[in-house]
Amino acid sequence: MKVLVLGSGVVGVTSAWYLSQLGHEVVVIDRQPDAAEETSFANAGQLSFGMTSPWAGPGIPQKAVKWMFQSHAPLKVRPSLNPAQWQFMLSMLANCNEKSYGINKSRMVRVSEYSRQCINSLQEELQLPFEGRKKGLLQVFRTQKQVDDAAKDIKVLQDFKVAHAMLNVDECIAREPALARVKDKLVGGLHFPDDQTGDCNLFTKALVKKCQDKGVVFKFGTEIKALVSDGDRIRGVQTANGLETADQVVVCMGSYSPFLLNPLGIRLPIYPVKGYSLTIEVKQDADAPQSTVMDETFKVAITRFDNRIRAAGTAELADFNGDLPNARRETIAHSVKSLFPEGGKVDEAIFWSGFRPMTPDGTPIIGGTRYKNLWLNTGHGTLGWTMGPGSGKLIADLVSGKQPEIDDNGLAFSRYG
C-alpha cells in the first residue's frame, strides 16, 4: 500500500521507518526544509521510559496556585481568549485525581516501555549516531514531601516491571558524582537504570537517511493544506504543490494536528504547551552530569550529550506564542547553576522553545478514526522522543492490519467518546 505520513518529527520518521519495514510505499510530507526542525529540534534529550508520568495528577491544582507566585515556577499561564486554552485546562483539571492518574500513567508507561525495546533494537540494527548514553535517569528531590509523593508511583512501576530504586543522597552522588558539590540541597532521588539519553534531532535526521535507503520519499518544504475525504475514506492530502493520493494516511503533526482534522469533525484535545531549552557547552567533565538529572523542584531535565548539556523545562500555556522571554531562560539556568554550578558555560547557552502537543490526560493518541484509512500518531506532549519509536512501530502494525505487540486499548481517539 501507499502510505502518506504527515510530519517529519521523531514520531513521523519512526512511523515511516516501521511502515517501510512492512513493505509499504511510504511518502513523508513536511513544510520544513528538513526533518526534526520543530518540537524534535532541541528537546530535553531524555529517553525517560521509566519516569513517564502525566502532568495531570493529584495535588497539581494546589501546586499551580503556589507556582503563580514563584519567580522560577515550572508552570506559567498566559491567559487568552482562545477557547481551546480554557477547554484544555478544564479537561486537565478533570484528570487531576488518583483514579485518572493511575489509568493515564499505566497507559503511558505501557507505550514507553515498548518504546525502550524498539529503540534498543533499532540501535542494534542501525547504529545511529545521536550521542546516546545508557546510564539511567536520576530524579532528584530537594524535600521529603517529594520523596513521599514519588513513592505513590512505585506500584505502577512494579506492575510494568520498570527497574527503579529509591536512593539516599550518597547513593545519588555515586551515580552523578558532580552532585557532591551541592549535597546539602538534596534529600534523595529515584533512579531509573534503564533510561537513556541522546540528541533527538541527530537521531531523527540519521533515521531519515536509513529510510531513504529503503525507498521512503521525503517531500520537505511542502505545505499541507487539507485532507480530502470521500465518504468514509480519505482520498488524499491537498498540498501547496497539488493533491497527493494514498491508500492510507497517518497524521503525525504534533500541535498542528487539530488544524488539519477539525474540518473533518475530529476535535483533537491537543494543546501546544510551550517548553524551553538551553544548550550548553561543557566546562568541566567532572562537574557536569553524566546522564539525565531531573530537578523535581523546578521540573527541569538536565541531560549530558558528548560535549554539551541540554537543560529543558517549563510548561507554558500561551497558545502559539513563539517569544523567548528572558524569565523562562533564567528559570532553567537557575536549576542548572543550582545543581551543576561548574558544569557548563550557562551564560553562553543557546536558548530555544518548542510547542509540545499535550493531551489533557498526558497519553498520546495512537490509532484509527471514523475514516477507515486515516490514522493518528500524535499528542505525545513532553515524551515524543521517549515514546516515538514504540508508537511508530505500533501505528505501523495497526495500519498494516497486524496484531500489535502491545495492548493498544485506551490509546486511540475513541477514548474521548
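User: Which residues of α3 are buried?

Analyst: This is a predicted model, where local features need pLDDT of at least 70, side-chain atom pairs count only at pLDDT 80 or more, and totals for chains, interfaces and linings use all residues. Residues are numbered from 1 along each chain as its sequence is written, and side-chain values use heavy atoms, with hydrogens and water left out. Buried means under 20% relative accessible area, exposed over 50%, partly exposed in between (1.4 Å probe, protein chains only). Helices (H or I, at least four residues) and strands (E, at least two) are DSSP runs, numbered from the N terminus. In α3 the buried residues are Gln85, Phe88, Met89 and Met92.

User: Why do the buried residues of α3 line one face of the helix?

Analyst: An α-helix has 3.6 residues a turn, so residues three or four places apart point the same way. On the other side of α3, Gln87, Leu90 and Ala94 are exposed. The arc is taken from the directions from the helix axis to the C-beta atoms. Down the axis of α3, the buried residues fall within an arc of 95°.

User: Which elements do the buried residues of α3 pack against?

Analyst: Contact means heavy atoms within 4.5 Å. By that test, the partners of the buried residues of α3 are β4 (75–77), β14 (271–281), β17 (308–317) and β18 (350–358).

User: Which residue caps the N-terminal end of α3?

Analyst: A polar contact is a pair of N or O atoms within 3.5 Å; within protein, one must be able to donate a hydrogen and the other to accept it, and residues adjacent in sequence count only if both atoms are side-chain atoms. Here a side-chain oxygen lies 3.0 Å from the backbone nitrogen of Ala84. The capping residue is Asn82.

User: Is Ser391 buried or exposed, and which side chain does Ser391 join in a polar contact?

Analyst: Ser391 sits in helix α11. Its relative accessibility is 0%, so Ser391 counts as buried. The polar contact is 3.1 Å, and the partner side chain is that of His380.

User: What is the angle between the planes of Phe218 and Phe220?

Analyst: Rings of Phe, Tyr and Trp (its six-membered ring) pair if their centres lie within 6.5 Å; planes under 30 degrees apart count as stacked, over 60 as edge-to-face and the rest as tilted. The whole structure has 12 aromatic pairs. Phe218 and Phe220 form a stacked pair, 5.6 Å centre to centre, with planes at 20°.
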